[in-house]
Amino acid sequence: MTLEDSQVHDLASEVSAGRQLHDGRRSVHRVRRLFPAAGAALVVAGALLPWADTVLPGGAYPDRATLQFFDAPHLVTGFRLHLVLLGTAALLPRARKPAGIGVIVIALVHAAFLTGLGALSIGGPVTLAGGTLLLWASRTAPRPEWKVPGRAIAWPALITAFAALLWLVSAMLTAGGQSRATNPYGGAEFLAFCGFGLALVGTLSAYGVLAWLATLTERHRFFSLTILLACAMMLPFTEAGTGYWMTVASSIGVYAATAVGLNIVVGLAGLLDLGYVAFLGIGAFTAANLAHTLPFPVAALAGAATAGVFGVVVGSPTLRVRGDYLAIVTLAFGEIFFRAAQNDIGGLTGGANSIPGIPPIAMFGQAFDQPVGFLPAGSLYYALAVLMVAGAMLALANVKRSRTGRAWMAISQDEDVARAMGVRTGRAKILAFLVGATLAGLAGAVFAHKLGTVGYESFDFSESVTLLAAVVLGGMGTVPGAIVGASLLFVLPEKLREFSDYRLMLFGLALILIMRFRPKGLVSS
């Protein structure tokens with residue numbers, strides 16, 4: 001064989017090897033294209049299978065999931081219906097990753113819960129394998145951009161979106177019932193529903209729906225706020241319209257309004273405040289002392305004004321300190337307030353006896369803690385909390401776009417540069433403390449009348465940390481961030497009571513996951 005013949009032979013061998021490699025890659029690609037369909041089929045099959053090998057104490061496992069219902073396997077409801085929906089949605093290319101994550105969460109929650117009960121999960125491993133296959137076969141793709149429509153389409157779209165949000169909130173609150181006594185499997189059902197909600201939101205985000213709705217909300221701000229307020233007021237008319245959830249929701253509203261005030265101090269001005277809950281306590285104790293002599297509106301304004309004055313007092317040292325030193329100053333103020341309230345200095349806090357017998361808010365002869373028609377008790381407190389949160393959000397949104405808000409954001413980025421550009425940093429920082437403390441004082445007045453008693457133990461350091469975590473997790477400097485963060489931090493512990501000793505561990509794990517995958521907060525600016 002000559003040299004030229006050997007070169008031709010080598011070239012032909014390389015071409016043949018390349019062709020074989022290309023054919024092999026095409027075959028692998030063809031096989032891999034079947035993985036999403038196989039994963040979706042496994043998820044649906046796992047949902048239709050029974051999930052426990054025995055009848056569990058306390059009744060049938062949720063939604064016909066035990067063997068005694070094996071004669072009707074297609075009657076799927078609850079988490080099994082969610083699995084069927086996610087398995088069907090996984091056929092859409094962009095929905096595979098969020099659907100896979102949701103399926104894995106649901107499967108792990110129920111399989112682990114059944115294992116803890118001593119039952120063997122049958123549908124769990126099949127569903128988990130399908131979700132893993134979906135997640136492995138998913139691919140990231142850029143989000144599509146939707147055109148911004150006119151008012152004729154934008155308004156109905158916003159109404160539909162906020163109505164869907166109302167349904168999601170109501171379903172999440174009622175998922176699993178209210179207590180272990182009524183539903184021994186409530187904790188698992190709630191966590192599984194959270195997995196379904198996560199997959200639903202992730203799918204909408206992958207297809208650009210959430211970004212499109214955010215653009216519509218920004219362009220039609222007044223209409224969006226009006227519809228959102230109306231939907232929030234409709235919560236008592238949903239399945240969550242019980243006295244229990246109205247009490248929880250009104251408490252969340254009080255803390256959410258307080259978190260909005262803290263968002264001004266921390267999120268906009270960048271001033272780390274570790275004693276912010278003291279302003280909530282000042283407003284509460286002021287209103288409690290005036291409750292028997294003045295009507296609620298006057299007592300609430302007095303509580304807000306008193307807290308604002310103390311905010312100026314605390315803000316004054318910020319002219320000389322910043323960073324970690326400012327955190328120490330605010331921490332010291334919070335501890336001073338807590339110890340003063342504990343020792344009943346001045347006879348204004350009641351000390352260990354608290355201040356009991358605070359009358360409920362009443363208007364036109366109707367007490368806010370009593371049922372109103374067919375609405376449950378606490379509905380009026382919930383409505384008041386919604387109005388207070390809406391007012392705080394409106395104030396934050398307007399201040400953020402004002403000259404003062406821009407000055408706060410400049411200080412949070414670099415105080416020295418802001419001062420060099422002509423920003424009166426001392427005045428701006430004191431004003432941030434004043435506005436934030438005033439909002440907290442107003443929320444404290446509602447807090448006192450709602451509970452009927454106020455004690456120092458409600459305003460310790462851990463409450464300040466919780467409020468700060470709500471701001472950071474929700475998204476610093478954003479208008480809805482504090483609301484989302486406060487709702488998360490107060491709903492999760494309430495729902496995870498079903499897990500008893502593991503409640504705090506699961507709560508902490510949820511916070512870690514949020515900070516890992518959403519470092520800028522759930523609602524980033």
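Modeller: A residue is called buried if its relative accessible area is under 20%. The structure shown is a predicted model.

Colleague: Why is Phe79 called buried?

Modeller: Phe79 has a relative accessible area of 5%, and the limit is under 20%, so Phe79 is buried.

Colleague: What makes Tyr61 count as buried?

Modeller: Tyr61 is at 1% relative accessibility, so by that limit Tyr61 counts as buried.

Colleague: How many aromatic pairs does a search of the whole structure find?

Modeller: The search gives 19 aromatic pairs. In one of them, Tyr61 and Phe79 are 6.4 Å apart centre to centre, with 80 degrees between the planes.

Colleague: Why is the pair of Tyr61 and Phe79 called edge-to-face?

Modeller: Pairing requires centres within 6.5 Å, and planes over 60 degrees apart count as edge-to-face. With 6.4 Å and 80 degrees, Tyr61 and Phe79 therefore form an edge-to-face pair.

Colleague: What makes this pair a tie between parts of the chain?

Modeller: Tyr61 lies in the loop between α2 and α3, whereas Phe79 lies in helix α3, so the pair ties together parts 18 residues apart in sequence.

Colleague: How do you know that the rings of Phe113 and Tyr185 are edge-to-face?

Modeller: Their centres are 6.1 Å apart and their planes stand at 90 degrees, so the pair is edge-to-face. Phe113 lies in helix α4 and Tyr185 in the loop between α6 and α7, so this pair ties together parts 72 residues apart in sequence.

Colleague: Which residues do ring pairs link into a cluster?

Modeller: The cluster consists of Trp51, Tyr61, Phe79, Phe113 and Tyr185.

Conventions:
Residues numbered from 1 in each chain as written. Predicted model: local features only at pLDDT ≥ 70, side-chain atom pairs only at ≥ 80, totals over all residues. Heavy atoms only, no water. Phe/Tyr/Trp six-rings, centres within 6.5 Å; stacked < 30°, edge-to-face > 60°. Helix = DSSP H or I, 4+ residues; strand = E, 2+ residues; numbered from the N terminus. Buried < 20%, exposed > 50% of the residue type's maximum accessible area, 1.4 Å probe, protein only.
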